[in-house]
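The sequence and the structure are shown first.

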Amino acid sequence: MSTYRIASIPGDGIGVDVTAEARRVLDRAGELHGFGLEWTEFDWSCERYTKTGRMMPEDGIERLRPFDGIFLGAVGFPGVADHVSLWGLLIPIRRAFAQYVNLRPVRLLPGTTSVLAGRGADELEMVIVRENTEGEYSQIGGRHNPGQPNEFALQESIFTRVGVERIVRFAFELARTRSHRVTSATKSNGIIHTMPFWDEVFAEVAAEYPDVHSEQTHIDALAARMVQYPDRLDVVVGSNLFGDILSDLAAAVTGGLGMAPSGNVNPPGEFPSMFEAVHGSAPDIAGQGIANPVAQILAGAMMLDHLGEKAAAAAVNAAVEQVLAAGEVATPDLGGKSTSTELGAAITAALA
């Protein structure tokens, strides 16, 4: 029997609650499909930062390196600035392990409704492929003349040919397994260096995939299309910033952030990949036991699929759909009164 070593980082807020439920589901899937998950939990979080001044220890990356996967809850809590938590944990992990693909599939699940009136599940399914290790999220820049009338801030973006080409190519390869459609998010009419460069590389790669329909759309028009005509989109590829924004919008129109998983993927498999829910730590409901664990459970299914346990991943997805379609067990965000544990237990029981 195969055993996979998984680093679990519950993080902050509801991350602790939903990770616990997801782990129970994944362990049961392993029992049913002939593999084991060996969990090692790390307390890296904003709470740790308030005590030690670091989100994770100095040797944190090296401690994660031997694992087969990383399972992250949510990070962020009042009193710790968002840029501190992000740059102290998530971004260092993504970059150290070359997790250059942020994969965010979104779909309208059974038993849930969209904020878009009249839209059905067949019209609301797409995947956002976000560049995850460069682009607009850069440490290059600074603030000058602080506190003075002429104070200014400078923030640089980094777009490399290697970085752009590999994320675009990933999107085209993914499209070949789906509807053979790729849409690129750009803004080359206003951002005159990096975006035309992005467009040129996209066009070069697109020429190698004549069987895949491709188009380039400005980010503002693309956001509008995602709301007005979501059925016209399937694989959407974007830079770090554009992909981040579009994936949250896509999740919002397909049932909400509580239903959306994501993967920070190292495609060659040289380093561990990391899987997490799209939603944040929701400190306002933390510890109340009412957080929806579905996104975290679906992130776990993505992790199983990445590890090669595709039958188990499919079973987890099917169990989630079965429970949501029945509608008998639902957390408050889904219109019910069930707890996180009750919803997690129902999904575990539905596994086959």
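Buried means under 20% relative accessible area, exposed means over 50%, and partly exposed lies in between, with a 1.4 Å probe and protein chains only. Helices (H or I, at least four residues) and strands (E, at least two) are DSSP runs, numbered from the N terminus. Residues are numbered from 1 along each chain as its sequence is written. The model is predicted, so local features need pLDDT of at least 70 and side-chain atom pairs count only at pLDDT 80 or more, while totals for chains, interfaces and linings use all residues; side-chain values use heavy atoms, with hydrogens and water left out.

**Strands E4 and E5**

Strand E5 covers residues 125–131 and is mostly covered, with six of its seven residues buried. Strand E4, residues 101–107, is also mostly covered: five of its seven residues are buried.

Two strands pair if DSSP finds at least two bridges between them. E4 and E5 pair in the antiparallel sense over seven bridges. Within this pairing, Arg-104 stands opposite Ile-128 of E5, and Val-106 has Met-126 of E5 as its bridge partner.

Each of these strands has a further pairing. E5 pairs in the parallel sense with strand E10 (residues 235–238) over four bridges, and here Val-127 stands opposite Val-235 of E10. E4 pairs in the antiparallel sense with strand E11 (residues 261–265) over three bridges, where Leu-103 has Gly-263 of E11 as its bridge partner.

**The whole chain**

The secondary structure of the chain comes to eleven helices and twelve strands. UniProt, in an unreviewed entry, places the feature "domain: Isopropylmalate dehydrogenase-like" at residues 5–347. UniProt positions are given in the numbering used here, feature names are shortened, and annotations may be inferred rather than shown by experiment. Over residues 5–347 the chain is 40% helix and 20% strand, and the end C-alpha atoms lie 23 Å apart.

The radius of gyration is taken over C-alpha atoms, and the globule rule is 2.2 Å times the number of residues to the power 0.38. For 352 residues, a compact globule would have a radius of gyration near 20 Å, and the chain agrees with this because its own value is 20 Å. Taken along the principal axes, the C-alpha atoms fill a box of roughly 55 × 50 × 40 Å.

Of the 352 residues, 51% count as buried. The chain exposes about 15,100 Å², of which carbon and sulfur atoms supply 52%; accessible areas come from the Shrake-Rupley method with a 1.4 Å probe, and for residues only the protein chains shown count as cover. Contact means heavy atoms within 4.5 Å. Among contacts between residues at least 6 apart in sequence, 74% join residues at least 24 apart.

**Selected residues**

| Residue | Relative accessible area | Class |
|---|---|---|
| Glu-276 | 6% | buried |
| Thr-133 | 14% | buried |
| Gly-255 | 27% | partly exposed |
| Gly-190 | 49% | partly exposed |

Glu-276 lies in strand E12 (residues 273–277). A polar contact is a pair of N or O atoms within 3.5 Å; within protein, one must be able to donate a hydrogen and the other to accept it, and residues adjacent in sequence count only if both atoms are side-chain atoms. Leaving out residues up to four places away in sequence, Glu-276 touches several residues, among them Leu-72, Leu-90, Pro-261, Asn-264 and Gln-296.

Thr-133 sits in the loop between E5 and strand E6 (141–144). The side chains of Thr-133 and Arg-166 are joined by a polar contact of 3.4 Å. Apart from neighbours within four places in sequence, Thr-133 is in contact with Arg-94, Arg-95, Gln-99, Tyr-100, Arg-166 and Asn-240.

Gly-255 lies in the loop between helix H8 (240–253) and E11. With residues up to four places away in sequence not counted, Gly-255 touches Leu-108 and Thr-113. Gly-255 and Met-303 are 48 residues apart in sequence and 21 Å apart in space, C-alpha to C-alpha.

Gly-190 is in the loop between strand E8 (181–186) and helix H6 (194–206). The C-alpha atoms of Gly-190 and His-218 are separated by 9.6 Å, the two residues being 28 apart along the chain.
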